[in-house]
Amino acid sequence: HLQTGHLGWKTDDLLIIGARGAGKYRQLAIQVKLRFTISSKDKDCKEVITNFWSDFKSKDTFDHTKDCLGLVTLRATDALLKLNGLLDCARASADGADFARRLATAGYLSKTAQNHATEIRAIIEGVEGQAPSDDNVWRFLRVLHFVNFDLNTSTSQNEAWIKSLLAQTSHEPDPLVAAEATWRELLELVGAGMPTA
């Protein structure tokens, strides 16, 4: 789904639903930005984290045991790329207390990643009106993913990577031609779907 506000989601750019047999499914709600800065003073950042947090807390749309949230940017600074260190740390931690211990350990994460945690926590505190528990922050960051794509740039290494993956999964006689055709169809689908959500 493109633009998902009408489905009850706050994260509104894209919703991908993966379905398996027996009616089981997983959801990935994605916010797409040209560029992004992690700061509790940045209006865009506050809005995105607030929307992620609202979806994460929603029992109607989000199941934190199987669903995920994603932030996708076209351009990323070195500072923003360190967000992945924070998110990986959350996924590697056993629980909220373990995550808090790792954050407090000097040298375990970069200062930038630690600052990202502080800024995200401050935004959540502003939404909740009180400091969130270590466990809630840990659970939230575990389901959040960040990806930087260089699509529509002159180098566009990610586009080549995606086409390679498409070719690897193809059963057509010429997998490279099939991958290129699939990529064009995906672009047409998104192009046609954007104006009508």
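Contact here means that heavy atoms lie within 4.5 Å of each other. The model discussed below is a predicted one.

## Overall architecture

The secondary structure of the protein amounts to eight helices and four strands, and read from the N terminus these elements follow the order β-β-α-β-α-α-α-α-α-β-α-α. The radius of gyration of the protein is 18 Å, close to the 16 Å that the globule rule gives for 197 residues, so the protein is as compact as a globular protein of that length. Taken along the principal axes, the C-alpha atoms fill a box of roughly 55 × 35 × 35 Å. Of the 197 residues, 37% count as buried, and the accessible surface comes to about 11500 Å², with 54% of that area belonging to carbon and sulfur atoms. Among contacts in the protein with a separation of 6 or more, 56% are accounted for by residues 24 or more positions apart.

## The four-stranded sheet

The four strands make up an open sheet with the order S1-S2-S3-S4 and mixed pairing. Strand S1 (14–19) and strand S4 (144–148) stand at the edges and have a single partner strand each, so one side of each is left without a neighbour in the sheet. On average, and with direction ignored, neighbouring strands of this sheet are turned by 25 degrees against each other. In general, strands of a sheet pair through backbone hydrogen bonds, in either the parallel or the antiparallel sense. The pairings in this sheet are listed in the table.

| Strand pair | Sense | Bridges |
|---|---|---|
| S1 and S2 | antiparallel | six bridges |
| S2 and S3 | parallel | six bridges |
| S3 and S4 | parallel | five bridges |

S1 and S2 form a hairpin with five residues between them, and in its turn Ala22 has a positive phi of about 65 degrees. Across this pair, Ile16 stands opposite Leu28 in S2, while Leu28 in turn stands opposite Cys68 in S3. A further bridge into S3 joins Ala29 to its partner Leu69, and beyond that, Thr73 has Asn148 in S4 as its bridge partner.

Helix H1 (residues 43–57) packs on the sheet, where it touches strand S2 (25–33), S3 and S4, and the direction of H1 makes about 160 degrees with that of S3.

## Strand S3 and residue Thr73

Strand S3 is mostly covered, since six of its six residues are buried, the cut-off being under 20% relative accessible area. In a regular strand the side chains alternate between the two faces of the sheet. In S3 both faces are covered, with Cys68, Gly70 and Val72 buried on one side and Leu69, Leu71 and Thr73 buried on the other.

Thr73, which lies in strand S3, has a relative accessible area of 1%, a value under the 20% cut-off, and therefore counts as buried. When its neighbours within four places in sequence are left aside, Thr73 is in contact with Lys33, Leu34, Phe36, Leu80, Phe146, Val147, Asn148 and Phe149. One of these contacts, Asn148, is also the bridge partner of Thr73 in S4.

## Arg26 in strand S2

Arg26 is found in strand S2 and, at 46% relative accessibility, counts as partly exposed, because that value falls between the 20% and 50% limits. With neighbours within four places in sequence left aside, Arg26 is in contact with Ile16, Ile17, Gly18, Lys66, Asp67 and Cys68. For one of these residues, Lys66, the separation along the chain from Arg26 is 40 residues, yet the C-alpha atoms of the two are separated by 5.9 Å.

In soluble globular proteins, nonpolar side chains tend to be buried together. The largest nonpolar core of this model holds 35 residues, of which Leu69, Leu83, Leu86, Phe99, Ile120, Phe140 and Leu141 touch the most other members. At least two residues of this core are supplied by each of H1, S3, helix H3 (83–92), helix H4 (96–104), helix H5 (111–128), helix H6 (134–142) and S4. H1 gives the most to the core, with six residues.

Key:
Residues are numbered from 1 along each chain as its sequence is written. This is a predicted model: local features need pLDDT of at least 70, side-chain atom pairs count only at pLDDT 80 or more; totals for chains, interfaces and linings use all residues. Side-chain values use heavy atoms; hydrogens and water are left out. Two strands pair if DSSP finds at least two bridges between them. Axes are lines fitted to C-alpha atoms, for helices over the stretch in contact, and angles run from 0 to 180 degrees between N-to-C directions. Buried means under 20% relative accessible area, exposed over 50%, partly exposed in between (1.4 Å probe, protein chains only). A nonpolar core is a set of buried Ala, Val, Leu, Ile, Met, Phe, Trp, Tyr and Cys residues joined through side-chain atoms within 4.5 Å. The radius of gyration is taken over C-alpha atoms; the globule rule is 2.2 Å times the number of residues to the power 0.38. Accessible areas come from the Shrake-Rupley method with a 1.4 Å probe; for residues, only the protein chains shown count as cover.
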